[in-house]
Number of protein chains: 2
Amino acid sequence: MNILEMCDAGGATVPVEATAEQAIQTMLDRHVGAVAVLDDNQRIAGIFTERDVLRRLSVSGREPGQTPIREVMTTPVEMATLDTTPGQALGTMVERHYRHLPIVDDDGRLLGMLSIRNVLQARIDLLTRQLDEARSARSSR
Amino acid sequence: MNILEMCDAGGATVPVEATAEQAIQTMLDRHVGAVAVLDDNQRIAGIFTERDVLRRLSVSGREPGQTPIREVMTTPVEMATLDTTPGQALGTMVERHYRHLPIVDDDGRLLGMLSIRNVLQARIDLLTRQLDEARSARSSR
């Protein structure tokens with residue numbers, strides 16, 4: 001299983017011209033904790049997460065509807081590709097305290113948004129299958 | 001392993017008299033995504049999460065420093081006790097789309113805050129141990 005198969009379908013995005021309020025509304029509508037911010041070439045310009053809302057908006061006194069997303073997004077963005085293994089992706093997220101990692105193609109275009117929960121759930125599924133196999137191999141002897 | 005052992009040490013709390021801004025600052029300082037709101041008897045009056053910040057504050061135009069936490073917290077709170085199994089806790093969180101579940105004693109006082117990530121990580125640890133045992137039992141025959 002590659003990391004793209006672990007993602008929820010599609011990735012939530014907003015254009016770099018969006019306001020912070022539009023990004024927050026997208027997170028609420030899509031039930032996700034992060035959106036990718038795309039430039040005019042559909043490449044990732046930044047990422048904006050629930051945590052960014054707390055850190056950069058909620059206690060700043062800034063009005064989300066008047067705040068350009070580019071001023072409160074995180075950039076540069078740590079990203080994964082289809083060559084990134086689940087273990088490498090999890091390592092990056094744990095080490096950097098990220099809950100989300102965009103997966104991009106060779107041109108830097110978004111393929112999906114990986115969450116740490118996706119990776120942990122996939123690991124549980126894999127371990128469960130391996131355990132079933134190990135136990136059935138044992139009982140079949 | 002009971003669910004309390006899965007929690008990060010302590011649970012972040014604010015008094016019910018706090019403002020939303022104080023609750024947000026506590027989440028930022030403690031690096032957690034939820035705080036328990038405690039009444040004067042140290043019992044849980046509500047819970048306030050990152051998601052509540054997005055839903056009830058960020059797009060509301062309300063000023064966090066002027067907003068009593070009791071007006072934006074979630075209540076009544078779904079809670080777990082020491083008798084709740086990890087599977088039951090995970091089931092509740094998945095079904096209700098909660099990422100956090102306070103663990104309380106018989107008097108409703110907070111023992112710890114369980115996160116869905118805690119539960120998934122503990123499940124991975126358990127499965128990994130079981131898989132090691134199953135494989136070593138097989139190879140020792």
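His31(B) sits in the loop between H2 and strand E2 (34–38) of chain B; helices (H or I, at least four residues) and strands (E, at least two) are DSSP runs, numbered from the N terminus. The phi angle of His31(B) is near 55°, a positive value in a residue other than glycine. His31(B) counts as exposed because it has 10 C-beta neighbours inside 10 Å. Here a residue is buried if 20 or more other C-beta atoms lie within 10 Å of its own, exposed if 12 or fewer, and partly exposed in between, with C-beta atoms placed from the backbone.

A word on conventions: this is a predicted model, in which local features need pLDDT of at least 70, side-chain atom pairs count only at pLDDT 80 or more, and totals for chains, interfaces and linings use all residues. Residues are numbered from 1 along each chain as its sequence is written, while chains are lettered from A and ligands numbered from 1 in the order in which they are written.

**Backbone and loops**

Most residues other than glycine have a negative phi, and most peptide bonds are trans. His97(A) is another residue other than glycine with a positive phi, near 60°. Look for His97(A) in the loop between helix H4 (86–96) and strand E4 (100–104) of chain A. With 9 other C-beta atoms within 10 Å, His97(A) is exposed. From His97(A) to Ile116(A) the C-alpha distance is 9.9 Å, across 19 residues of sequence.

Cis peptide bonds deserve a look too. One joins Thr75(A) and Pro76(A), with omega about 0°, and Pro76(A) lies in the loop between H3 and H4 of chain A. In chain B, the bond from Thr75(B) to Pro76(B) is cis, with omega near 0°, and Pro76(B) is placed in the loop between H3 and H4 of chain B. Thr85(B) is also found in the loop between H3 and H4 of chain B, and it counts as exposed, with 11 C-beta neighbours inside 10 Å.

**Chain A as a whole**

Chain A has 5 helices and 5 strands, which run α-β-α-β-β-α-α-β-β-α from the N terminus on. Its C-alpha atoms fill a box of roughly 70 × 35 × 25 Å along the principal axes. Of its 141 residues, 36% count as buried. Among contacts in chain A between residues at least 6 apart in sequence, 56% join residues at least 24 apart; two residues are in contact if their C-beta atoms, placed from the backbone, lie within 7 Å.

**Where the chains meet**

Now to the interface: 28 residues of chain A are in contact with 28 residues of chain B. Helix H2 (20–30), helix H3 (50–58) and helix H5 (116–139) of chain A each give two or more residues to the side that touches chain B. The largest share of that side of chain A, 14 residues, comes from H5(A).

H3(A) is largely enclosed by the rest of the structure, because 7 of its 9 residues are buried. Among these buried residues are Val53(A), Leu54(A) and Leu57(A), along with Glu50(A), Arg51(A) and Asp52(A). Their cover includes H2 and strand E3 (44–49) of chain A together with helix H2 (20–30) and helix H3 (50–58) of chain B.

**Helix packing**

Two packed helices are described by the angle between their axes and the distance between the axes. Axes are lines fitted to C-alpha atoms, for helices over the stretch in contact, and angles run from 0 to 180 degrees between N-to-C directions.

| Helix pair | Angle | Axis distance |
|---|---|---|
| H5(A) and H5(B) | about 25° | 9 Å |
| H4(B) and H5(B) | roughly 135° | within 10 Å |

The angle of about 25° makes H5(A) roughly parallel to H5(B). Angles under 35 degrees count as roughly parallel, over 145 as roughly antiparallel, 65 to 115 as roughly perpendicular and the rest as oblique. The axes of H4(B) and H5(B) cross at roughly 135°, which means that H4(B) is oblique to H5(B).

In the contact of these helices of chain B, Pro86(B), Ala89(B), Leu90(B) and Met93(B) of H4(B) meet Ile116(B), Val119(B) and Ala122(B) of H5(B).
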